[in-house]
Amino acid sequence: MGNGGSRRGDSSSSSDSESKSSRVSRLRQKLHDYRQSHFHRRRRSSGLSSHLNSLSSADDFAGIALLTLIRAEMKFKDKWLACVSLGEQTFRTEISDNTDKPVWNSEKKLLLERNGPHVARISIFETNRVSKNNFIGYCEIDLLEFLDLDSDSDAHVFDLLDPSSNDMVVGNISLSCAIEDPFETEKNFARRILSVVDYDEDGTLSFSEFSDLVNGFGNQVLATKKEELFKAADTNGDGVVSMDELAALLAIQQEKEPLINSCPVCGEILQVADKLNTMIHLTLCFDEGTGNQVMTGGFLTDKQASYGWIFKLSEWAHYSSYNVGLKSGSSASHILVFDRRKKRLVEELIDGKIVLSMRALYQSNIGLRLMDKGAKEILQSISERQGKKMNSVESAEDIPKFLEFFKDQINMGEVKYPLQHFKTFNEFFIRELKPGARPIACMEHDDVAISAADSRLMAFKSAEDSLRLWIKGRKFSVHGLLGKDICPNAFVNGSIVIFRLAPQDYHRFHLPVSGVIEKFVDIPGSLYTVNPIAVNSKYCNVFTENKRTVSIISTTHFGKVAFIAIGATMVGSMTFLKKEGDFVKKGDEFGYFSFGGSTVICVFEEDSIQIDEDLLQNSERSLETLVSVGMQLGIARKKRAEMDLPKLENCVIGA
């Protein structure tokens, strides 16, 4: 009997064990399903900060915003999709039916930070193209301001602007936005967790279900303390853990001894004792929305998200040339830069034929041999001929096509003169802006340096950093950059800031610091392109071989500053508006480049400037920062302890 009883007990124990094993397996399968679907959405943003970025501080947390794209009204019928871009993440809706009133009801939860990205760009594309969708309209919404709107309606209507003209409305879009406070964030996560392991669906967790939950999180240390944790969670002593009790346990336990070391959905390691970030991360990973269509994520820019079948093919093949950082080969055609003002990634537009020719010339042994056999002279000849062409009256016919290609990247509302004022393309290229179009940061404080150009900026504490992260030429050095007529010893270990101007940019450059111009030195040279494809090439040395003019500015706060204007392909002409001996103020117009892309480099003496941290952090990732003239660049280090520094919270980075 005893033996028989013992066998029945073994059988029961075995059955319980199998049942428990089965429940844990089902739990892990559910988590696996979450992980698979989530990974599919996030795969393409590998290596980037995303909606799961860590907050810098709890005070910066503004909440989790639920943004819903409801519907739009357009001026003609087509198939439409919409994209939402915020920071380094972009999401897209499904494609609507063939209509002029598309309905999406698509939503996405977004992390909002007071000092982080909070201006969302909504982009609308018509999708009647096979491989390329057409960008029709956009609006930009400050979500923090949107959430403060006092209205009885949940939805608000915003005008959609023509990307080539901010004055033209092409339709409107209806949006809603709501926010969760941190407590609701914790409860929502707890609710989702509970739904996964609440097998009998009674809205609470028994000890058995709670035990499976702890096992599912894979924390072996706390798995031995399940009974202790259950009693701690069951605050009312009713033998089950409710949603509120589970939320409280997860919040408190994460501060004491983390219950969750890694996210069960995406596998990301979670920071120890960081309750807020953990809850934000987990609630977004487990989010299932409200029943509306959830927008697809994992994109970096709206252009990438809008691609048609070609994009889908690259996704199917598990290949994408989209990423931030240093690129070469086929991926060099997609240059991503971080817009400092709007705090989001944008894609630089380059004509495909130009990309192919640059790759052939600058990233191959064949290209190197061509350069050795006269390509430099060819580039010089091309630049001279193109320069003459762009100064002809006939060249004015190219201005509308240029504006169409770079629509939404050139704001004609800032330009001093109307379009009909420009009689040649080059007159338009060196266009002036209206007074006040580029506010100067901390204007009265000469110990604050500013951006010298509308450009894509890279900033490095030293030449060594620039070589490690960006400049891949074989022989780059500060000595080579400044030339033999300038004694560069004071600059050798100094900070380097590179301002790369693209064709669509405002091509007048300004003084980054106040001081006296000591000298100008012209250095003859080649006219390689300044595109990263060439700068990152091991076959040429763009900055030390190109034609350039070096000016030395003597300042009170930064010592001497070397300002180098570098010519490039189709830029044979650099015009300066100041002369030796002039006293100049930061923000003053210094000169301009004629047609083409070009570059300005500033070299500061060692330990003379503390460059703004966001610029250095982006450069550490080999990510250029899109800046405008007048934005803050950095602060003088000289006698910092003795100086009455400006109250920088009152100084804007840029308008």
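Which Phe residues form one aromatic cluster? They are Phe402, Phe405, Phe406, Phe422, Phe425, Phe428 and Phe429.

Before the close-ups, two notes on how to read them. This is a predicted model, in which local features need pLDDT of at least 70 and side-chain atom pairs count only at pLDDT 80 or more, while totals for chains, interfaces and linings use all residues. Residues are numbered from 1 along each chain as its sequence is written, and side-chain values use heavy atoms, with hydrogens and water left out.

**View 1. A ten-strand open sheet.** The strands come in the order β12-β11-β25-β14-β15-β23-β19-β18-β17-β21, with mixed pairing. (Helices, H or I of at least four residues, and strands, E of at least two, are DSSP runs numbered from the N terminus; two strands pair if DSSP finds at least two bridges between them.) β12 (344-348) and β21 (583-584) stand at the edges with a single partner strand each, so one side of each has no neighbour in the sheet. As background, strands of a sheet pair through backbone hydrogen bonds, either parallel or antiparallel.

View 2. All six of the six residues of β15 (residues 496-501) are buried, so the strand is largely enclosed by the rest of the structure. (Buried means under 20% relative accessible area, exposed over 50%, and partly exposed in between, using a 1.4 Å probe and protein chains only.) Ile496, Ile498 and Arg500 point one way, while Val497, Phe499 and Leu501 point the other. Strand β14 (residues 455-460) runs antiparallel to β15 and is joined to it by five bridges; here Met458 has Ile498 as its bridge partner. Strand β23 (residues 598-604) is also antiparallel to β15, with six bridges, and Ile496 stands opposite Val603.

**View 3. Phe499 and the nonpolar cores.** The largest nonpolar core has 33 residues, and Phe499, Phe604 and Leu633 touch the most other members. (A nonpolar core is a set of buried Ala, Val, Leu, Ile, Met, Phe, Trp, Tyr and Cys residues joined through side-chain atoms within 4.5 Å.) Leaving aside neighbours within four places in sequence, Phe499 is in contact with residues including Leu457, Val600, Cys602 and Leu633. (Contact means heavy atoms within 4.5 Å.) Apart from this core lies another, of 28 residues, among them Ala62, Leu110, Ala120 and Leu160.

View 4. (Rings of Phe, Tyr and Trp, with its six-membered ring, pair if their centres lie within 6.5 Å; planes under 30 degrees apart are stacked, over 60 edge-to-face, and the rest tilted.) One of them is Phe146 with Phe158, edge-to-face at 5.3 Å centre to centre and 85° between the planes. Phe146 sits in helix α2 (residues 143-147) and Phe158 in strand β7 (residues 155-162), so this pair ties together parts twelve residues apart in sequence. Phe509 and Phe590 have ring centres 6.1 Å apart and planes at 85°, so they are edge-to-face as well. This pair links distant parts of the chain: Phe509 is in strand β16 (residues 508-510) and Phe590 in strand β22 (residues 589-593), 81 residues apart. Phe509 is buried, at 0% relative accessibility, and Phe590 is buried at 0% too.

**View 5. Charges over rings.** The charged end of Arg121 sits over the ring of Tyr138, 4.5 Å from its centre. (The rule asks for NZ of Lys or CZ of Arg within 6 Å of the ring centre and within 35 degrees of the ring normal.) Arg431 lies over the face of Phe428, at 4.5 Å from the ring centre. Phe428 belongs to the aromatic cluster from the opening question.

View 6. In α6 (residues 226-233), Lys226, Leu229, Phe230 and Ala233 are the buried residues. Seen down the axis, they fall within an arc of 100°, so they line one face of the helix. (The arc is that of the directions from the helix axis to the C-beta atoms.) On the other side, Glu228 and Lys231 are exposed.
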